[in-house]
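Open the model in your viewer and follow the stops below. Each stop says what to select and what is there.

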Amino acid sequence: MDAAGRMRAALLGTAALSVTILTAAAAPELDTAVVVGFGVFIAMTLWGVLARTSGAARPERGGLLALAGAAGLALADRHLVVASRGPAPDDLAVAALVIVCLAIAWRAPRLAGRPFVTALALAAYALICFSLIAGTRYHSDAVANVHRAAELVLSGADPYRAIDTLASLDRFGLDRALATDLEDGTPLRSFNYPPLSFLLPAPAVAVGLADLRALYAALIVLATLAATAMTVERWRPYLLAAVVGNLAIARQYVLAGIDPAWAILLGASLLVLARARSWRPLAVSAVLLGLAAAARQPAWFVVPFVLAAVARDHGPSRALRYATVAAAAFVIPALPYLASAPASILGGMLAPIILPLEPHGIGLARLGADGLLPLLPRGAYTAFALAGLAAALVVAARRRPAHIGLPALALGPLFIGWRALQNYFAFAGVYAVLAIAEDDRATPEREARTLPADMEVRRAGR
C-alpha cells in the first residue's frame, strides 16, 4: 500500500467516527453506535500506522477534498450543540474554506500545502471552538476539578489534600451528578490527575481566565500549526482534516474541557525523537515525554513503547539515560506534593487504575453495560487490556512503525478495557496521519541508503 492509501484509511476511520458521533448527537437513543464508530476508527488508524509504504506518493487532490468535508462535519456538529439564528463567523469562515479548497483542488492542487490554506483552516476551526465555548458552560467534573485545583495551588493549598469533587462542582454551579462514581454509586471525590494538569493552567487562572476551555482550544490550534509546519507539504491538508474533522477532539478537549497537554507534549516528544541523531535532541524528547506523563495518565501507557524504540534505535545505554531524564521530568513537578503528602498524590494519580470505578466509555465494557453483550467482571477486562498491550509491544518491535504512530498502537488496547473513555483515543487519527507523513518523508532517504548496496549486488552478479 502506498502512503496515499494509508492516509485514506486513517481519514476514513476518522470520518466513520465523526458520522456516528453526529448520529448519536441527533438521536440519543443511538448512542451505542458511537462504540462501533470508535472501533472502526481505532482499527483504521492502526492499519494506517502499521502498513508498509511501498514508495513515495505523489501530491493529490484528496487532502483538499478531505479538509473541505472535515470543516463541514465540524460546523454541523457545532450547530447541533450551539445554534445560531443567522450566519455566524464560523459559518462564513467554513464557507470560505470549502470554496478555496474546491477551487484549488480543481485548478491548482500543488498549492494545497501552502500557508494560506493552513491559516484559513485553523481560523475556521478556532471560530468553531469559540462558538462551542461561548455557547456553553462547564459540564464535566474533569475541568471543574482542574480549575479548582489551579485556584487552590495559587492560594498556597495542596490540591491533593484540599480538593473535593462535589465542592468543585458546586463552585462552578454544576450538578453533583456529574461526579465520577465507583461501582457502588459512591462519588469519587479526590483529585485524580498528575500535577502538571493544574500547574499548566495556573498562570492563566492567576491572570483571570474564567474558562479553561479557551486555553485548551488555543493549545490545540497552536499545536496543529506547529505539527503542520513539520509535515511534508503535500500531506498538510490531511493533517488539518484529521484535526478539524475529528469531532471527538472538539467534543472532549474543547467542549468538555479535557486537558490536551498530555497528547501535545507526547506528540512533540515523538516528533523530536524521530529526528534525533545525537544526545541533545534525545534529551529534549525525554523531557517532553516525562512532562506528558506528568500531565495525564494516558501518556503512561505509551512510555514502554517509546523506551523500546529508543533502545532499538540508539542502544540500551542511551535508552537508560533517556529513561532517567524522562523520569526526572515526570517527578520534578510532583516533588512538593510528594514531600508533603505522598499518600494523597499517589492515591489520587493511581485512583483511575486501582479503584473500582463504574464501567464507562465507548469500549467493549460499554456494550456489556448496555446489555448488548454479557458484562464480565472488571478483572476480565483488565486482563484483556493487558494482553492487548503485550501484543501491541510485540507488534511494535516487529513492524517498527514511525515513532509518532506509537500512541495509537499503545492506547488501542484500552478499547477492550474496563474504562475506555473517548479522550483516550481522540488523537489516534492525528498520530496516524503524522506517522504516514513521516514514513513517506523517510522513504526516499531509505531508498538512497539502500541504492549503493543494490548496485554492488548487481555488479557481483555480472
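Leaving aside neighbours within four places in sequence, which residues is L393 in contact with? Select L393 together with P304 and F305: these are its contacts, where contact means heavy atoms within 4.5 Å. The model is predicted, so local features need pLDDT of at least 70 and side-chain atom pairs pLDDT 80 or more, while totals for chains, interfaces and linings use all residues. Residues are numbered from 1 along each chain as its sequence is written, and side-chain values use heavy atoms, with hydrogens and water left out.

Stay on L393 and colour helix α21, residues 378-399, which holds L393; helices are DSSP runs of H or I with at least four residues, numbered from the N terminus. L393 counts as partly exposed because its relative accessibility is 33%, between the limits for buried (under 20%) and exposed (over 50%), with a 1.4 Å probe and protein chains only.

Next, select W262. Not counting residues up to four places away in sequence, W262 touches Y253, A292, A295, R296, P298, A299, L411, N423, Y424 and Y431.

Finally, zoom out to the whole C-alpha trace, which spans about 80 × 60 × 50 Å along its principal axes. Of the 462 residues, 52% count as buried.

Technical notes:
Helices (H or I, at least four residues) and strands (E, at least two) are DSSP runs, numbered from the N terminus.
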